[in-house]
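Consider how one residue sits where two protein chains meet.

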Amino acid sequence: MAKIYSENSKINKKMNPKDETISFILNYSKALSVISYKKIKFEAFLN
Amino acid sequence: MRKKLITDATLVSSYIKGDESSLEVLIKRHKQRIYSFIYSKVYDRDIAEDVFQDTFIKVIRTLKRGKYNEEGKFLPWVMRIAHNLVIDHFRKNNRMPKFQNNGDFSIFSVLSDTSLNAEKTIIKEQVEEDVRRLIEELPADQKEVLVMRMYQDMSFKEISERTGVSINTALGRMRYALINMRKVIEKHNIILTN
C-alpha cells in the first residue's frame, strides 16, 4: 500500500470572511466621507 | 448577472464617483481569494478576519481620498495591501507565531507556573516540619551528620573533620540516619509529598 507522505493542507480552499466583517466594511464605506479643502483632505464619519 | 460582466476598473471608478454598491460587488468577487491568502499566512481565523477588515479599510480610504491610480489591477493591489498588513501583524507580535492548542497537544502540559500556590506552600511547610521532627528522633550521632550534610551543605570530608570520625563512619551514620527515618515514615504512614 502506497504511503502518502504529503500533509493535507489545512487551508480550506473555499474560505470566506464572516458576513459581519463584510457588513462592517460596507457600513464603514457608507459612513466615511472625505472632504477636500484647499489641498487638505478631511475624513468625516457620518453615523 | 449583469454586474459580473463589469470589470474591476469600472467598478472602482463608479465607487469613487459615489456608487457604494460597486464596492459590495468588488468585495464579493474577490473576498475568497483575499481571505484565503491572509489565512494561509496567519493560520488564525480571527486574525485573518482582522487583517481582511483592515485591508478593505485601507482600500476604502485610498479610493475615497482619490489616491488610487489604475496603473496595476485592483486585485493585485488589494493583495499587496493584505500582504503588507500581514507583515505588520507579525512585526507587532515580535515575529512570534501564535501557538494554538489543538486537541492532540496542549502547550500547558509542558509549560507550568513553577511558583507554589498558597495551598502548596502550606503543604511544603508542613512536610518540612514533619521532616524536622523525624530528624529530632534520630540518635545524636546520626542526627549530627545528617544536619551537617543536608542543612549546612557540608561535604563528608568536612563532616569527618568537624566530628572527628573517619569519612566512612560519617557516610555510615548518614546511611543509618536515612534508613531509620524511612522506617519511621513507613511505620506511621507519614506522607511527605507535595
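In this predicted model, Ser29(A) has a relative accessible area of 0%. Ser29(A) is therefore buried, since buried means under 20%. Along its own chain, Ser29(A) is part of helix H1 of chain A, which covers residues 19–31.

Which residues does Ser29(A) touch, leaving aside those up to four places away in sequence? They are Tyr15(B), Glu20(B), Leu23(B), Ile60(B) and Lys64(B). With one of them there is also a polar contact: the side chain of Ser29(A) meets the side chain of Tyr15(B) at 2.5 Å.

Now take the two chains as a whole. On the side of chain B, 23 residues are in contact with 20 residues of chain A. Together the chains bury about 2200 Å², and 65% of this area is on carbon and sulfur atoms. Three residues, Glu49(B), Lys64(B) and Arg65(B), account for 24% of what chain B buries against chain A, more than any other three residues.

What kinds of polar link join the chains? Between chain B and chain A there are seven residue pairs in polar contact, counting pairs with both residues at pLDDT 80 or more. The number of salt bridges between them is zero.

Two elements of chain B, helix H2 (20–42) and helix H3 (45–64), each give two or more residues to the side that touches chain A. Sorted by class, that side of chain B holds ten nonpolar, nine charged and four polar residues.

How values were computed. Residues are numbered from 1 along each chain as its sequence is written. Chains are lettered from A and ligands numbered from 1 in the order in which they are written. This is a predicted model: local features need pLDDT of at least 70, side-chain atom pairs count only at pLDDT 80 or more; totals for chains, interfaces and linings use all residues. Side-chain values use heavy atoms; hydrogens and water are left out. Contact means heavy atoms within 4.5 Å. Buried area is the accessible area (1.4 Å probe) that two parts lose on being put together, summed over both. A salt bridge is a side-chain nitrogen of Lys or Arg within 4 Å of a carboxyl oxygen of Asp or Glu. A polar contact is a pair of N or O atoms within 3.5 Å; within protein, one must be able to donate a hydrogen and the other to accept it, and residues adjacent in sequence count only if both atoms are side-chain atoms. Helices (H or I, at least four residues) and strands (E, at least two) are DSSP runs, numbered from the N terminus. Ala, Val, Leu, Ile, Met, Phe, Trp, Tyr, Cys and Pro count as nonpolar, Asp, Glu, Lys and Arg as charged, and the others, Gly among them, as polar. Buried means under 20% relative accessible area, exposed over 50%, partly exposed in between (1.4 Å probe, protein chains only).
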